[in-house]
Amino acid sequence: MKKVLITGCLGQIGSELTMRLRADNGTDSVIATDIRRIAGNEVIESGPFEILDVTDKDKMMDIAREYEVDTIIHLAALLSAVAEEKPQLAWNLNMGGLVNALEVARELHLKFFTPSSIGSFGPGTPAENTPQDTLQRPTTMYGVTKVSGELLCDYYFQKFGVDTRGVRFPGLISYKTLPGGGTTDYAVDIYYEALKNKSYTSFIGKGTHMDMMYMPDAIDAIIKLMNADPKRLVHRNAFNITAMSFEPEQIAASIRKFIPDFELKYDVDPARQAIADSWPDSLDASCARNEWDFDPQYDLDRMTKDMLEKLTKKLENDTVVRH
Ligand code: AKB
């Protein structure tokens, strides 16, 4: 991973991964790409950036060739709630983008990473301690694209020898970039509202458990898996990974350790609740631990402390900038 092309670099994962790889390996080590440009954005300002619509394979190939990258980290995709509202667009973007990125990797002999998700599971999957290898019959378009993507990555490895690797991410929580259109987004929104209003109205219902992870652990997981010894990898794509599983009352209880009068209310969104109900409650991540030493550092309370500290500073700075 000396020179990496990242798609979707302005998204929740891409924005932090780009900055981390540039800090570790040098400014020019990441060619950041996204469908849009945001003026003044640190990802765009801090190193090479190109506009790229991932459904345009020729442009992707041109960028990969021009910069002589050795790895593609393909992140551009619609998340679960938006994908359910626009299923045709989700199929075209999530699958069209993925097959283009895999083709570029095949033709140029590049290493490859793309994330799958807990959304690749469905209501028939065992919900507790969900095994690595189990039934995957998702009932959402997001899930359909994620399972198809897992299979496609396996195929490109077996058929063409492309070094494809991936994880099934749980909900990702970060203070830097907001997620866009996911089912697990409530677990990010809750921290903003706790600091702004000491109150949050959850669109996910009481008692709904989902796997989650703090962004620093997610970034470490990508880097660790990409650097893992291939001889140790029994699985390659779509490793179950998780750092914690909680329901809204538990994250609220964690916030109350720092903001005692925080109040949690509910106004459940039936569409996103149906998606959450079709997903597992808690994953078994033992294959990731055994095959490439996956080792998340943040549990719920440690994450809450860090989120509240970092968000407090961010919100203060935003106020200063606006004045
Ligand atoms: C979503 O909620 O869509 C994502 C995911 C779990 O893949 N955060």
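This is a predicted model: local features need pLDDT of at least 70, side-chain atom pairs count only at pLDDT 80 or more; totals for chains, interfaces and linings use all residues.
Local features need pLDDT of at least 70, side-chain atom pairs count only at pLDDT 80 or more, and totals for chains, interfaces and linings use all residues. Residues are numbered from 1 along each chain as its sequence is written, and side-chain values use heavy atoms, with hydrogens and water left out.

The UniProt record, an unreviewed entry, places the feature "domain: NAD-dependent epimerase/dehydratase" at residues 4-241. UniProt positions follow the numbering used here, feature names are shortened, and annotations may be inferred rather than shown by experiment. Over residues 4-241 the chain is 43% helix and 17% strand. The end C-alpha atoms of this stretch are 23 Å apart. Helices (H or I, at least four residues) and strands (E, at least two) are DSSP runs, numbered from the N terminus.

Helix α7 spans residues 186-197. Its buried residues include Tyr 186, Val 188, Ile 190, Tyr 191 and Tyr 192. Buried means under 20% relative accessible area, exposed over 50%, and partly exposed in between (1.4 Å probe, protein chains only). Just after α7, Lys 198 takes a positive phi of about 55°. Lys 198 is partly exposed, because its relative accessibility is 40%.

The structure holds 15 salt bridges. A salt bridge is a side-chain nitrogen of Lys or Arg within 4 Å of a carboxyl oxygen of Asp or Glu. One of them joins the side chains of Asp 261 and Lys 198 (3.4 Å, N to O). This pair links distant parts of the chain, 63 residues apart. Asp 261 sits in the loop between α9 (248-256) and β14 (263-266), and Lys 198 in the loop between α7 and β10 (199-202). Asp 261 has a relative accessible area of 48%, so Asp 261 is partly exposed.

A salt bridge also joins Arg 232 and Asp 293 (3.0 Å, N to O). Arg 232 lies in the loop between α8 (215-227) and β12 (239-240), and Asp 293 in the loop between α11 (286-292) and α12 (300-322), so the pair ties together parts 61 residues apart in sequence. Arg 232 is partly exposed at 35% relative accessibility. Asp 293 is partly exposed at 40%.

Asp 306 and Lys 310 meet in a salt bridge at 2.9 Å, N to O. They are separated by about one helical turn because they are four residues apart in helix α12. An α-helix has 3.6 residues a turn, so residues three or four places apart point the same way. Asp 306 is buried at 12% relative accessibility, whereas Lys 310 is partly exposed at 30%. Elsewhere, Arg 20, Asp 24 and Asp 220 are linked in a network of salt bridges.

Asp 53, Asp 56, Asp 58, Asp 62 and Glu 66 gather in a patch of negative charge on the surface. Patches are made of residues with over 30% relative accessible area and no salt bridge; like charges are joined within 9 Å, nonpolar side chains (Val, Leu, Ile, Met, Phe, Trp, Tyr) within 5 Å. Asp 56 lies in the loop between β3 (49-51) and α3 (57-67). At 34% relative accessibility, Asp 56 is partly exposed.

Most residues other than glycine have a negative phi. Asn 129 has a positive phi of about 50°. Its place is in the loop between β6 (116-117) and α6 (141-160). Asn 129 is partly exposed at 49%. Ala 238 has a positive phi near 70°. Ala 238 lies in the loop between α8 and β12, and is buried at 3% relative accessible area.

Note on methods. Accessible areas come from the Shrake-Rupley method with a 1.4 Å probe; for residues, only the protein chains shown count as cover. Lys and Arg count as positive and Asp and Glu as negative; His and the chain ends are not counted. The place of a charge is taken as NZ of Lys, CZ of Arg, CG of Asp or CD of Glu.
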